[in-house]
Amino acid sequence: MGEPTLERYLEALAAWIEGSPGWHRYFGQEMPTDGAWTFFARALSAAVVYE
């Protein structure tokens, strides 16, 4: 790992969003289809520790 940067954070954010259908399946949840704010909040939080 390296120094945290905005670029690395945004890459992790994009990776989590791309993988989010698997996350939702794993936790037995439906993938939101309406751009829910809770999805965005979860993605922002997950990007901090993802990858």
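This is a predicted model: local features need pLDDT of at least 70, side-chain atom pairs count only at pLDDT 80 or more; totals for chains, interfaces and linings use all residues.
Residues are numbered from 1 along each chain as its sequence is written, and side-chain values use heavy atoms, with hydrogens and water left out.

**Figure 1. Overview of the protein.** The secondary structure comprises two helices and zero strands; helices (H or I, at least four residues) and strands (E, at least two) are DSSP runs, numbered from the N terminus. Along the principal axes, the C-alpha atoms fill a box of roughly 35 × 20 × 15 Å. The accessible surface comes to about 4100 Å², of which 60% belongs to carbon and sulfur atoms; such areas are computed by the Shrake-Rupley method with a 1.4 Å probe, and for residues only the protein chains shown count as cover.

Figure 2. Ser20 is located in helix α1 (residues 6-26). With a relative accessible area of 0%, Ser20 is buried; buried means under 20% relative accessible area, exposed over 50%, and partly exposed in between (1.4 Å probe, protein chains only). Buried residues make up 18% of the 51 residues in the protein. Residues up to four places away in sequence aside, Ser20 touches Met31 and Phe39, where contact means heavy atoms within 4.5 Å.

**Figure 3. The aromatic cluster.** Ring pairs link Trp16, Trp23, Tyr26, Phe27 and Phe39 into a cluster. The structure holds five aromatic pairs. One of them, Tyr26 with Phe27, is edge-to-face, at 5.0 Å centre to centre and 85° between the planes. Rings of Phe, Tyr and Trp (its six-membered ring) pair if their centres lie within 6.5 Å; planes under 30 degrees apart count as stacked, over 60 as edge-to-face and the rest as tilted. Tyr26 counts as exposed because its relative accessibility is 68%, whereas Phe27, at 45%, is partly exposed.

**Figure 4. A nonpolar surface patch.** Trp37, Phe40 and Leu44 make a nonpolar surface patch of about 360 Å². Patches are made of residues with over 30% relative accessible area and no salt bridge, like charges being joined within 9 Å and nonpolar side chains (Val, Leu, Ile, Met, Phe, Trp, Tyr) within 5 Å; a salt bridge is a side-chain nitrogen of Lys or Arg within 4 Å of a carboxyl oxygen of Asp or Glu. Trp37 belongs to helix α2 (residues 37-47) and is exposed, with a relative accessible area of 71%.
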